[in-house]
Amino acid sequence: MSTTTQVDPYKPLALRTNQRVKLSTDAPFTPRYIQASLTQSGDPQGIYTSRVKNRHIVLETPARASNVQKEHGAKKGRRKSEKEKRKIVALGRRPTGAKGLWKLEDGAQKFDLFLPLHQLWMGYMSELLGLPLPSSVPVAEAMPNASSMHPKLVKADFHGSLLTVRQSKNPCLVGLSGIVIHETENAFKVITRKDQLKLIPKQNSIFTLTVPLYSTLLQTQFEPAEAVSSALSGQYSGTVLDAPHIAFDLYGNQFCFRSADRAGRKFKAKETIEL
Amino acid sequence: MARAHSRVMLTNGTLPSTQLNQFSAVHPFTQQLDIVFPASDELERALTSLKPAYYKKCCTLSDFFEFASNSPGRNITALPSTSECADTWCIDPRGVLTLCVSKSLYEQLGLIGKKLPFKGCPEQYVIRIPVRQETESVAVRVKQKAALKFWDELREEGLGKWKVLYCQTDVQLGTSESDEVVIVQPQICPSADILIPVPALTPIPEESTEDWDERIGDLFEWVGMACLGAQRLKANDRVNPYVAVYEVPAPSYIGDVTRITWAAFLHQSFVKDALDTVTSYLASATDKQAFVAITRQGCCTSPVGAIPDASFDTARDPPLRVPEINTEDTGCFILGPGQNGNFVLAQSIGQWDARWG
């Protein structure tokens, strides 16, 4: 384009209708224009091929990503990492319920069905606390040192124990008793003697935990398999209350932890244990 | 017409009055009745012929509950004789056992109750158990009896059995009961040469509220001093003004005054009989200056203060109150002479009483 003639770039193209501008690639515009502009040098074509052709020339500062775009990108990254994290975490309540992990079958809500579990738990307690054999010591002298049992009991597992609500802010819960079949962070699921499944929240309640006074394991039972088989065969048909027992008070407000977490937890003394 | 002043309520009217008739029924627990009147042998004889009595029993609460539920048709009114107000109970004539227990005991009993809504008092709960067997289901009944038994076991080591005072209606005294019967003897105190006011028990038309209150207040002050047997009322009292300054409300005259006091667990039927005796005496009284003042002091340690609905509908609960040893629960009548004599009633209750809202 020469500088002498003024070209109006905004003038509409003088085209007839339905005609298109055809651009041929045999003689592209840009190389011709650059070579024509290099008037000072002697070899415009050589300069063009060596220094311009197939080179990326930065005409101005490149467009940076705006703040909105950056936030969008960061959010996307976060969502991705969260999704990956979610895959490895424990099941929540709804998928658990949907999968029926902690649901009892229709015929399984019977107190007697859980008595063997209770016997197993009594055997576990006997081993954990080192309870004396029934014949060895009379009842009056058999009471062990309670303070040595406290740290062991606090870390023990209560599935299969017999809990009774002694005191509660909710008067309807007072007197409820049953075998614990599931302990969660905030509640005990117990099955009562009337074959009812009850969920008792740990908050605002004081429970009575009963532990046998004498060991319920037979002298010859050293193998856990033998203990299980004798429990399942129903050798003893009673609960811990039918034999001499020790009753502990369990303060629910201070006990709101999962049973697995309790094993490694250090319990500090609290100022008040009022409900 | 009734005007309420803080926790004192003044009512006045003419006989016959439903308020007077229902007064004894509305207040089932009375621990003292004082009747003051210008000396009259006729009234004195009539009043001393009344012989209120009550039974005494030492037993556990579950035993007494069993006894009360097994006596059909006889309305028992019972209260333990204790100065302890934290955990207490009563049985009112409607046949409802009302327990008022502290927070720790409530959390152990396992019965559903209502928390007392008053501020500033210790946290207490009210539990209501109907005495009649048929009103509750078997399971609920078993739970209630187990809770009462548990409370008795808690008391075994400490306070032991309850000393129960109770009255029964429709029963001849000393017939079948093996419990100790106590016949309340009145204390009669005559006082001679006392300045007695002539009470005007209706407001004068131009009288303002403040004047009426002051006048009636002076009258009730005289009644209170007469109940105490105060020396200031003596006609020849010449006390040093530095000690006391008191003037009997005018107009007044010098005469003899008799005070009769019954201080024991009094049944509502006795209070009604006393009121009836007084009103019948005044109806036939010829002396225009005759009057009688009756002061009733309620039992402070009872969880039930007043039962406003005298129809004894157990569906509606009586107003709540905190049993406290020094609480106020007093009603004082001043009755005038004549068939349709005037009367003024002043009632005063403590701060933790929901009777008047």
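Tutor: Let's start with a term: a residue is buried if under 20% of its relative accessible area remains, exposed if over 50%, and partly exposed in between, using a 1.4 Å probe and protein chains only. This is a predicted model, where local features need pLDDT of at least 70 and side-chain atom pairs count only at pLDDT 80 or more, while totals for chains, interfaces and linings use all residues. Residues are numbered from 1 along each chain as its sequence is written.

Student: Okay! How much of chain B is buried?

Tutor: Of its 357 residues, 50% count as buried.

Student: And how many helices and strands are there in chain B?

Tutor: Chain B has seven helices and 16 strands. These are DSSP runs numbered from the N terminus, with H or I over at least four residues for helices and E over at least two for strands.

Student: Switching to packing: at what angle do H2(B) and H7(B) cross?

Tutor: Roughly 160°, and their axes come within 10 Å. Axes are lines fitted to C-alpha atoms, for helices over the stretch in contact, with angles from 0 to 180 degrees between N-to-C directions. The two helices are therefore roughly antiparallel, a term for angles over 145 degrees.

Student: Which residues make the contact?

Tutor: Glu42(B), Leu43(B), Ala46(B) and Leu47(B) come from H2(B), and Ala274(B), Thr277(B), Val278(B) and Tyr281(B) from H7(B). Contact means heavy atoms within 4.5 Å.

Student: What about the size of the box around chain B?

Tutor: The C-alpha atoms fill a box of roughly 65 × 45 × 40 Å, taken along the principal axes.

Technical notes
Chains are lettered from A and ligands numbered from 1 in the order in which they are written. Side-chain values use heavy atoms; hydrogens and water are left out. Angles under 35 degrees count as roughly parallel, over 145 as roughly antiparallel, 65 to 115 as roughly perpendicular and the rest as oblique.
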